[in-house]
Amino acid sequence: MFKKVETKANFPKIEEKILKFWNDNKIFEKSMKQREGCEEFTFYDGPPFATGLPHFGHFVPNTIKDIIPRYQTMQGKYVKRNFGWDTHGLPVEYEVEKKLGISGKYEIENYGIENFNKECKKIVLRYTEEWKNIIFRLGRWVDFEKGYKTMDISFMESVWWVFKSLYNKGLIYESYYVLPYSPKLATPLSNFEVNLGEYKEVNDPSLTIKFKIKDKNEYLLAWTTTPWTLPSNLGIAVGQEIEYSKIFDKKKEEILILGSKKLNSYYDDENSYTIIEKFKGSKLKGIEYEPIFNYFLEQKNKGAFKVHTADYVTTEDGTGIVHIAPFGEEDYKILKKHTNVDIIDPLDAECKFTNRVKDFKGLFVKDADKKIIENLKLRNFLFKRENYLHRYPFCYRTNYPIIYRPISSWFVNVEKIKTKLLEVNEKINWMPAHLKKGRFGKWLENAKDWAISRNRFWGNPIPIWICSKTGKKICVGSKKELEKLSGQKIEDLHKDKVDKITWPSKDGGKFIRTSEVLDCWFESGAMPYASNHYPFTNESNFKNIFPADFIAEGLDQTRGWFYTLTILGTSLFENTAFKNVIVNGLVLSSDGRKMSKSFKNYTDPMEVINTFGADALRLYLIMSPVVKADDLKYSDNGVRDVLKNIIIPIWNAYSFFTTYAIIDKFQPPKNLNLVKNNNLDKWIISELESLKKILNNEIDKYNLTKSIESLLEFIDKLNNWYIRRSRRRFWKSENDKDKNDAYETLYYAIKTLMILLAPFIPFITEEIYQNLKTDEDKQSIHLNDYPKANENFINKTIEEKINLARKITSMARSLRSLHNIKIRMPISTIYIVTKNQNEQNMLIEMQEIILDEINAKEMKIKSNEEDLITYKAKANFKELGKKLGKDMKTVSIKISKLKNEDIIKIINGISYEIKVDNTKYYLSLNDIILEREEKDNLKVINEESITIGIDSLITQELYLEGLTREFVRQIQNLRKEKNFDVSDRINLYVENNETLQEILNKFEKYIKTETLALNIIFNKNKLEKKINLDDNIFTTIGIEKC
């Protein structure tokens, strides 16, 4: 016997009960155990940092990472789900710096690297318990106990193996490059890390500087938006083909050179200067000039302080002349190619000027701008100063401006493997598909060498030792190898430990480790190997788990984890690291801004779960554009709507079934027979089997959007058609075969639907399953196999018939609503127009259902719309404009005057001739826009190939019947308000008035049957509720149990 179901469920409480059931009975563990030895489905879990709590941005991928493994497990596969933690890197160090009240490289070194790393290790797993509780409460099944941590020595050792493998293939090199650099973190960043940050609109000083040509009283006017780079000026660039003007400035009495197109930008009055000559930039090449600062005069003999030509110089901004310092990538390339100057970088680790630039020593470069400008103005080098509004990158960790500077770094040679990277990308199934050739593909096409070293402390040390005498390098790929080289026992691989490890070289020097640590993105990209301690252990099984069958993360990871996985997978094995990927978009606040605690613009995720339930939140996220890599503007109302429109209707269907099953003592048979006689049963079973087919196909393709859409369509069909149209089968008192078939069919439909929904909303499906399951069923819904379609029960003919009836019903209801004709008000006739003979035949078969659904007395099927409407036409300017030209206006007037019969001919495919002067034009249906005018009392609507019309004339008899239906509805509402059971018989007390007398005279039997009223009694003492039957028609009723 089924247990009684509360109609108003507290879903968060139910979910907590289910969590306890799973935990007490070790259901997750059992789901894994029963698939041991089966085909393995590999899933890689991208490691988050545990230094903060999970937010909505984590909830989306974690929901996806629960759905797919649950589904694959139900498909009979063994799916390991081990959580991972990114425990190294800048976020951890940043938190420790805040905790210790220190900041920057020097203060950390003064504090002591060993002490600092100890603090990092303490803080790194600060929120793991909270993560565990929140992720479990979301409903995700994942193993935290067997999870990996990037600080584990086994993980770090495998990362060394990965590094050495790339080193041995010639894919690792050290070099100076201009790199994005975080002053607060005192370390370079990779290009994709820059893209993880924010570009802000900033106002920087825009300077035009006078550079004096050597041995002449002439000046080059060069432009810059980075005044702080001027002390390091080593050259000037012009455009080879740009035209320049040498002018005499009458006011300043100076000879100046600038781009000819920029004269108007610098001079309002042409009479304020005289043009001496014009020439191409190539004429300026090689000219020497006098440096504006004397900090690096020694570089003159190495080619500094000359004019160079460069393709990147334009006249869009500034003067068409730019100053060159080794802080820009293009500038650096020019100096490297055309001079022998040293690498000039007068900045310390925190981007403050060193003693090399003594006048500004100790100033952060951006703070030095003002003093540099004052210095140049005082010495008459400043020609013009403005402000320049532009977008500038800020560090994604510190929210501080990024500085580009030449710095020594270790790189992965991405350029060398770019062709192979693009080939590997072709093997990946991207969801959404446009990312393959779009965002990710374009990123690969333009990928630069990857800077993988960081001048930090808490990370995996770059395993290269360099001879202090000869510079010879040794790359170490394992603990064992380091022990052999050093003769020391190795317990820990962190920087504070391995930096102490040295050994003598044969040349009399000493091998000392290079000081940098690896970018933590290198570690996360090495996760497939390092989390398995490959190749030191699990080597034989590795080919079974690589590449991964599936991964999922946010859109930002196209330039993060997805990218590093692909680079390392390609470098090591010339293969992708993952076969399928679902990419989600960003979750924003309801106002479209980034979610922020300081803005207080979102609800705490746990509050959402405790209010609406995790199932509602999961479904809201998976139904949204966010699973298609688009942004989602989150709102609590959206989750509330999912609860109201999906979760509660599922519960109502279940409640409806159990309510009547308990009354009739229905018990599901051991071998349920799906062969049924009733067309409704055949239809819903067919729809269910078709749904199984769609889901198995679409989830296998990782198309969650199509899967959810199909599930929601079925829920609508079950609730709003099958159950609603089958209600009377459950209400009748006798237990005949049709009633039993209805019970069996609804039981099968709900139970099977729950199993299909289980990976998506695991809580409510488990709760319902626990009440519906038999002694022969699995202990938990999540231990079942995912249902496969039984093709024998898919009946496309009956699906088409009923879905056509549903379409007609939907159109008719829309038409009623449009013209304020209530659905309880009967209409005399519905007209249905379709030229399709097969549709006409189906409509005849479905006539009784359609009339009942739309509350009409008669249905008339037509082949032509003109029985319901007359036509008018307007010219389709979009189609005709390009054909008619000057005759368009004349033709459009003639079209507006077309007769109904002429328009009908055009509709039927007969071209219509219009003549303008001596030119003939022939109109087709595409050339006109149809306008329909309804005939008397008819209201008409068209949708694709079907037109329907309803007779809007309501007779007195129809009106009384409509009032009766509303009367019955109000009685049923009162039954619910008083918590009467669906089987309770009642006495109905009514007010004695003329309208009610008319209703009872004609429809008393109908009222009694519908409301289970044994007696209808005029008794004003028993009246309790005033009801409204129609505008200004009120009466009062009362009910009591018999």
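Helix α35 gives the most to the lining of the second largest cavity, namely three residues. Helices here are DSSP runs of H or I with at least four residues, strands are E runs of at least two, and numbering starts at the N terminus. A cavity is a set of points on a 1 Å grid, over the protein atoms alone, where a 1.4 Å probe fits but cannot get out; lining residues have an atom within 4 Å of a point.

This is a predicted model, where local features need pLDDT of at least 70, side-chain atom pairs count only at pLDDT 80 or more, and totals for chains, interfaces and linings use all residues. Residues are numbered from 1 along each chain as its sequence is written, and side-chain values use heavy atoms, without hydrogens and water.

Back to that second cavity. Lys 822, Arg 824, Met 825, Gly 962, Leu 963, Glu 966, Leu 1029 and Asp 1030 line it. Two elements give two or more residues to this lining: α35 (956-977) and β37 (1025-1030). The lining divides into three nonpolar, one polar and four charged residues. Nonpolar means Ala, Val, Leu, Ile, Met, Phe, Trp, Tyr, Cys and Pro; charged means Asp, Glu, Lys and Arg; the others, Gly among them, are polar.

Now the largest one. Of its 15 lining residues, Gly 89, Leu 90, Arg 454, Leu 518 and Cys 520 lie nearest the centre. Elements giving two or more residues there are α4 (90-100), β22 (517-518) and α18 (520-525). By class, this lining has six charged, five nonpolar and four polar residues.

Note on methods
On a 1 Å grid over the protein atoms alone, a cavity is a set of points where a 1.4 Å probe fits but cannot get out, and a pocket is an open set with protein on both sides within 12 Å along at least five of seven lines; lining residues have an atom within 4 Å of a point.
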